[in-house]
Number of protein chains: 2
Amino acid sequence: MSVQSQAFTGNCSDCPVRHRAVCAHCEIDELDELESIKYYRTFEAGQTIIWSGDKMAFVGSVIAGIASLTQTMEDGRTQMVGLLLPSDFVGRPGRDGSAYDVTATTDVVMCCFRKKPFEQLMARTPHIAHRLLQMTLDELDAAREWMLVLGRKTAREKIASLLSIIARRDASLSPNGPSGAMVFDLPLTREAMADYLGLTLETVSRQMSALKRDGVILLEGKRHVTVPDMGRLMEEAGDDSDGGLMA
Amino acid sequence: MSVQSQAFTGNCSDCPVRHRAVCAHCEIDELDELESIKYYRTFEAGQTIIWSGDKMAFVGSVIAGIASLTQTMEDGRTQMVGLLLPSDFVGRPGRDGSAYDVTATTDVVMCCFRKKPFEQLMARTPHIAHRLLQMTLDELDAAREWMLVLGRKTAREKIASLLSIIARRDASLSPNGPSGAMVFDLPLTREAMADYLGLTLETVSRQMSALKRDGVILLEGKRHVTVPDMGRLMEEAGDDSDGGLMA
DNA sequence: AGCCCCAGTTGATCTGCGTCAAGGCATGGC
DNA sequence: GCCATGCCTTGACGCAGATCAACTGGGGCT
């Protein structure tokens, strides 16, 4: 499967993620300036994009595919601390090193900006800084929501939480009804799920089987998931049953 | 104990946290403008500052004392998702509701800005937005470091991690030698520690006793802690033994 | 003083998840 | 075809931490 299946010319105006990325509100002249400092890079599934501690020469956006941020302890225990989806921003203007490993979970296409020029542009262009602040605040909310999952939820609730997050993201791309059935492919191996959830891969496997046995999800093969009732899944996750959709 | 023991007149130029807060790099005229939209509020230990879901009329900085951000599930399980120390920022420009409960853990003094005018000032003043971005990125790093603690560390490592974070913060205020002995008072009850660490209070108590028995810490009463060897404590926490201080 | 109340400690027991180990089922190379 | 490899599933067992419960000690009431 090609990650570039859509006809994308490499021009910002065609960019499939532009309306959600850092450059969402840029004017034409600003886009032109971004064009001049950007380049694309592709990474194969499993490849490391940035090593923890490396100095980063670029910042950028994920255009296609999924990348993950992970931290690893000396003895090998690892925890995934973020999932980067198309339009998500990578890098930290104003600091040189990365604090985490960034790894391509699927094949990934990134739109990179050379760091120095990007920072200069940001200094001149308040609404890029503003957009980045909003995106960072969203990430902070997501990280904190995940702290609740890691600290207080049971294995079953953790799995249900992960599935409902992935399902919700897919929904925002191809809108099914929010409370109807939902179908998607898991972009993560059992091991990656375990690293995200603070579990072992065996426990992940067992709980997936349990949710399937109890009719909360249907599995076709190992990765293709059908959720017949999102409300049910969100109850299993321990969230409000409406998932905040009624507000 | 008064939280306002330092002679603080209520004027920005005397503010004990100014060099670390949002307004760190403000010029005199900007400070004047902040003066005109700010007011102080005090909260007693245990009081709720903001309820999850409330609309917030203000943003602001913690001036003295410690506040915490917590999330609670319907069945009462709670997880602390952030610890707010003096100079930390509260609130989310550009969004109305809080996603968490904000609670005063000790007596707290806050410097509040009315939200609307603050947002307008921010729009006109790029370096306030820039400072806020930096602070938010720092918080994001802290949240992600905490995800590793919650997801992968043992109870003993969790306690050691918390103690070393608190010790390090105190060190940054009153500089002892970084690898010598360190003395501080715990600002948290056992229950609050448990909520931060994703443990029960009984487990916290047992592990505190174990660290004391093993000579990693000394306890005088329930709250007064002496760490004879910070390196040892950081090993117990599962971090690099140098804690990044050798870099 | 006498009392209560709250925070913390400690013990006994239970259990959810980790650990270790044995397969299953695709895919790809020879 | 056959075997190797990667990803996943399932079972048996043990342990770290949760749960339930009793107790301690200090600080602030009347």
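**Notebook: domain and chain interfaces**

A salt bridge here is a side-chain nitrogen of Lys or Arg within 4 Å of a carboxyl oxygen of Asp or Glu. I note that this is a predicted model, where local features need pLDDT of at least 70, side-chain atom pairs count only at pLDDT 80 or more, and totals for chains, interfaces and linings use all residues. Residues are numbered from 1 along each chain as its sequence is written, chains are lettered from A in the order in which they are written, and side-chain values use heavy atoms, without hydrogens and water.

**Confidence**

I checked pLDDT, the predictor's confidence in each residue from 0 to 100. Chain A averages 89, and 91% of its residues score at least 70. Residues 1–5 of chain A stay under 50. Residues 243–247 of chain A are also below 50. Where pLDDT is low, the predicted coordinates should not be read in detail.

**Domain 1 against domain 2, chain A**

I took the bounds as 12–149 for domain 1 and 154–236 for domain 2; they come from an automatic or database domain assignment. Their centres, over C-alpha atoms, lie 26 Å apart. The contact (heavy atoms within 4.5 Å) takes 12 residues from domain 1 and 14 residues from domain 2. The buried area is about 1200 Å², with 69% from carbon and sulfur atoms. I read that as accessible area (1.4 Å probe) lost by the two parts on being put together, summed over both. On the domain 1 side, A:Met80, A:Trp146 and A:Val149 lose the most, together 43% of what that side buries. Strand E5 (78–84) and helix H3 (126–152) of chain A each supply at least two residues of that side. E5(A) gives the largest share, 5 residues. Helices (H or I, at least four residues) and strands (E, at least two) are DSSP runs, numbered from the N terminus.

**Chain B against chain A**

I then turned to the two chains. Each gives 44 residues to the contact. About 4100 Å² is buried between them, 55% of it from carbon and sulfur atoms. B:Arg144, B:Met147 and B:Arg152 supply 20% of the area that chain B buries, more than any other three residues. I find 14 salt bridges across this interface. One pairs B:Arg95 with A:Asp141, whose closest N and O atoms are 3.8 Å apart. On chain B's side, E4, E5, H3 and H5 each supply at least two residues. H3(B) provides the largest share, 19 residues.
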